[in-house]
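Please read them beside the sequence and the model.

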Amino acid sequence: MDSVCGSNKKKGRNHDNPIGEMHLQENRSNEALVKFQEGLAIAQTTGNKSKVVQALIQIGRIYFDRSEYEVASERYIQALDISKSITDGVGQSNALLGLGDIYQTQAKHAKAKEYYMESLEVARRAEYHVGRANAYSGLGDVHKSCSQYDLAKKRYNQLLEVSTNVGYEMGRANAYDGLGDVYRLQSHYKEAEESYKQLLEISAGIGYDIGRANALSGLGDVHRARSEYQKAEEYYVQLLQTSTNAQYYWGMVAAFMSLGEIHRNRAKYFEAEECYTKLLEKASTTGDDSGLANGLRELGGVLKARSQYGQAKECFTKALSIYMGMLLRRQREAEDCWSNLLDIASSTGDSLGRANALREIANICKTRSEYTRSEAGLVQSLKIYSDIGDDVGRANALHDLGSILLERLKYDQAEDYFTKAMRVYTLTGEEVGRSNSFQGLGDVHQARLRYSEAEGCYNQSLDIAKRIQYELGQANAFQGLGDVNAARFKNTEAERYYVKLLDITSGMGNDMGRCNALQGLGDVYQARSRREEAKECYNLLLEVAAGVGNGIGEVNAYQGLGDIHRSLSEYSEARKCYHRSLDTASRIEYHIGQANALQGLGEVYQARSKFTAAERSYLRLLEISSNIGYDMGLASAFKGLAEIHHVRSSYAEAEEWFTQLRDLSTRNGSDTGRANAYIGLGDVLLSRSRLSDAETSYITAMNIFLDVGEEKGHADAIARLKALSQLS
C-alpha cells in the first residue's frame, strides 16, 4: 500500500490574499471562500482585472480542494481568458497551473503535462519565478505518476533550485516532498529519509501543517519499508494527530491505512480492524468512494485472516462493486478483491465461487493483455463449471477462451471455442449467449478476411439481439458490421453502421460503446482522407475516454492522431502522439497499445531515416509482443527490422527477418502477411543479384494476393516482376 502517492495529496501554492490564504491553510475553506469572493466583488466593482484574475484563481483552488473539479475548471478558464486579454503573465501561468492540477488529480497525465508546460513557458516570459517553480512541481508530479523517476527528479531539482534562489519556501517544501517520494519508490531509503526530514524542517519553519503531515507520512513509509515497525508506527501516530488538527483528510486516510497495515503485519487484528473502521467512517462522511473501497478491501483482509469468511466476503464484494465502476483505473484493486474471494471460496469448499472468481480474474488479466495467465485461469474455471454441471458457466468460460485466443490470432482454436459455446447456449436457451457467440464467430471470420461469413454472423447476432431487445448485443453487431465494411473499403456503409453504434450507445449512456463508435468513425474518415473529421472524432474520443477512465480509448485516440500526422509527413507531431499513446498504455499496462505505439514510432523514425532510433522501437516492439504472444506486433517488428537491415545493405540479416515474418504468417494463417514477406524476400534477393530466387518470391506473392483478392498487392507483385524482367 502506497500512502504517499495518492491522488488527493495536497501541495501548497503561493497566493496573494493573506486573510483568505490564512483560512485556507487552516482548512477553514468556507471562511476562505467568503474572503476570496469578497475580494472578487471588490475587484469587479473597481474594474481591477488583475485582482479579478487573482480572486478567480483562489476560488478555483478552493473548489479544487473540495474535488469539485468542474466548478474549479470554470473559474480557472475565466481567469485564463481575462488574464490573456490584459496580458497578465502571472495570472495566465497560475490559471494554467490550476487546470494542470485538475487533470493530474484525475490521472489524465498527458493533458496535465500540456498545461504545466504552457504555464512554465508563460512564467518564463513573464519572469514569474514562483510560477516557474510551481510548474516544475506539477511536471515532477506527472513524471512520478508515470514512473518516469529520472525525469521527475530532474523537475524537482529544478523546482528546488528556482525556489532557493527566490526564497520561495513553499516551493522548497514541495521539492523535498517530491524527491522523497521518488527516492522511496526507487527503494533509495536513505535519500528519501533525508528529503522528508528537510520537508519536515521547512514545514515547521513556515507553519505548513500539510507539508508536515506529508513528511511524517513519508518517514513512516520509509521505516515501514525497512521493517522498522515501531518507528514507523510513531510517525504514523504523529501523522494522525497533525492531520486531525489540520483537518487534512488525505493525511488522516494515510494514517489509518498505514497503522492498519502495521497492526495487520503484527497479527494485531482487532487494532487493525479499528483503524480500517475509522477509515470507512471518514470516507463515508466525505463521499470518498475510492477511500471507501480501499477500506473495505483492507478490512476484508483482516476478517479473512481471522477466518471470518462470511463478513470478509461481504467486504470484498462491496469493494468490488465500487472498483468495477472504475475498473479501467482500479484493475489491480479489483483483482486483489477477486483473489481474496477465490481464497475464501477455496477455504469454504465453494466450487461455484472458485470458478466465478477465476473467470473474473482472467478477464481482468485479459484487459492488460496478460493472455497466458488469463487463459490458464479460464481453463481452470471451465473444468470446475464442467465438474459441477453448471452449463451456463461452462458456456461463458468457453466464450471467454474464444475471445482471448482471437486476440492472440489463434483463429482455429478461437473458432472452436465459440462454436462449442454456441452449442451449449443453444441447449440451455441462452439467447444473449447465442448473440454473443455469433459476434465472436464474426470476429474470427473478419480476422481471417472471410468478410461474407463475418457479415452473416454479425447479422444473425443482430437479429437475435433485436428480437430479445438486447441493446448491448445490437451495439456489438453494429460495430462488427462497421468493421467488416471498413475492411472491404465500403466506407459509406461502414460510416452508416458506426453512426448507428454511436446513436444506440449514446442512448444507453454507454460511454465505452461511444468510444468504439468514435474510433471507428475516425478510422473511416482517415481512410477517406477526410482528416479534419477524423481528427475531430479522435479528439472527441480522447475527451470521452478520459472522462470515464477508459485508458485504452485514450491510447487509441493518440494512436489515430499519430497516424494522421504521419500520413501528412508531420513526423514531429506524429512522434508526440505516439509517445503519449505509449506513456498511457504503459501506465495502464495495456501491452497491445504499447506495441502499436512502438510500431508507429518505428515507422516515423524509419521515414526520417533515423534507423538507429527505429531499430530500438522495433526491438522493444518485438520484446513486448513476444512476452504477450501478440503475433500482429511480432509481424510488424519482423517487417520493420528487415527493412532497416535491407537499407543498411545487411542483406543476410534482412533475409532472416523476412523469413521469420513468412514463417509466422504461415503459422497463424495470415495470407497477406505471408505475401508481404515474399515481396520483402524478393527485394532482398534482388539486391543480392539472386534474380531467379527473387522472381520465385515475387511469383509466390502474386499468386497469394490473387487467391485472397488483394488487388493492390497483386498489382505491386506484377510491377516488380516486370521491373525484374528488364534486368534479365
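1. Helix H10 (residues 189-206) and helix H11 (residues 209-225) have axes that come within 8 Å and cross at roughly 160 degrees. Axes here are lines fitted to C-alpha atoms, for helices over the stretch in contact, with angles from 0 to 180 degrees between N-to-C directions. Helices are DSSP runs (H or I, at least four residues), numbered from the N terminus. H10 and H11 are therefore roughly antiparallel to each other, a label for angles over 145 degrees. Their crossing is left-handed, meaning that the near helix is turned anticlockwise from the far one by less than a right angle.

2. On the H10 side, the residues making this contact include Tyr 189, Tyr 196, Leu 199 and Leu 200; on the H11 side they include Leu 216, Leu 219 and Val 222. Contact means heavy atoms within 4.5 Å. By class, the contact of H10 with H11 has ten nonpolar, five polar and three charged residues. Ala, Val, Leu, Ile, Met, Phe, Trp, Tyr, Cys and Pro count as nonpolar, Asp, Glu, Lys and Arg as charged, and the others, Gly among them, as polar.

3. The model is predicted: local features need pLDDT of at least 70 and side-chain atom pairs count only at pLDDT 80 or more, while totals for chains, interfaces and linings use all residues. Residues are numbered from 1 along each chain as its sequence is written, and side-chain values use heavy atoms, without hydrogens and water.

4. The axes of helix H15 (residues 289-305) and helix H17 (residues 331-348) come within 11 Å, crossing at roughly 25 degrees. H15 and H17 are therefore roughly parallel to each other (angles under 35 degrees), and H15 passes H17 in a left-handed crossing. H15 contributes Asn 294, Arg 297 and Lys 304 to the contact, and the H17 residues include Glu 333, Asp 336 and Asp 343. By class, this contact has two nonpolar, two polar and five charged residues.

5. The largest nonpolar core has 112 residues, and Trp 338, Leu 622 and Phe 638 have the most contacts inside it. Such a core is a set of buried Ala, Val, Leu, Ile, Met, Phe, Trp, Tyr and Cys residues joined through side-chain atoms within 4.5 Å. Beyond its neighbours within four places in sequence, Leu 622 is in contact with Leu 634, Ala 637, Phe 638, Leu 641 and Trp 657. A second, separate core has 49 residues, among them Tyr 149, Tyr 156, Ala 173 and Ala 175.

6. Phe 36 lies in helix H2 (residues 29-46). Phe 36 is buried, at a relative accessible area of 1%; buried means under 20% (1.4 Å probe, protein chains only).

Technical notes:
Helix = DSSP H or I, 4+ residues; strand = E, 2+ residues; numbered from the N terminus. Parallel < 35°, antiparallel > 145°, perpendicular 65-115°, else oblique. Buried < 20%, exposed > 50% of the residue type's maximum accessible area, 1.4 Å probe, protein only.
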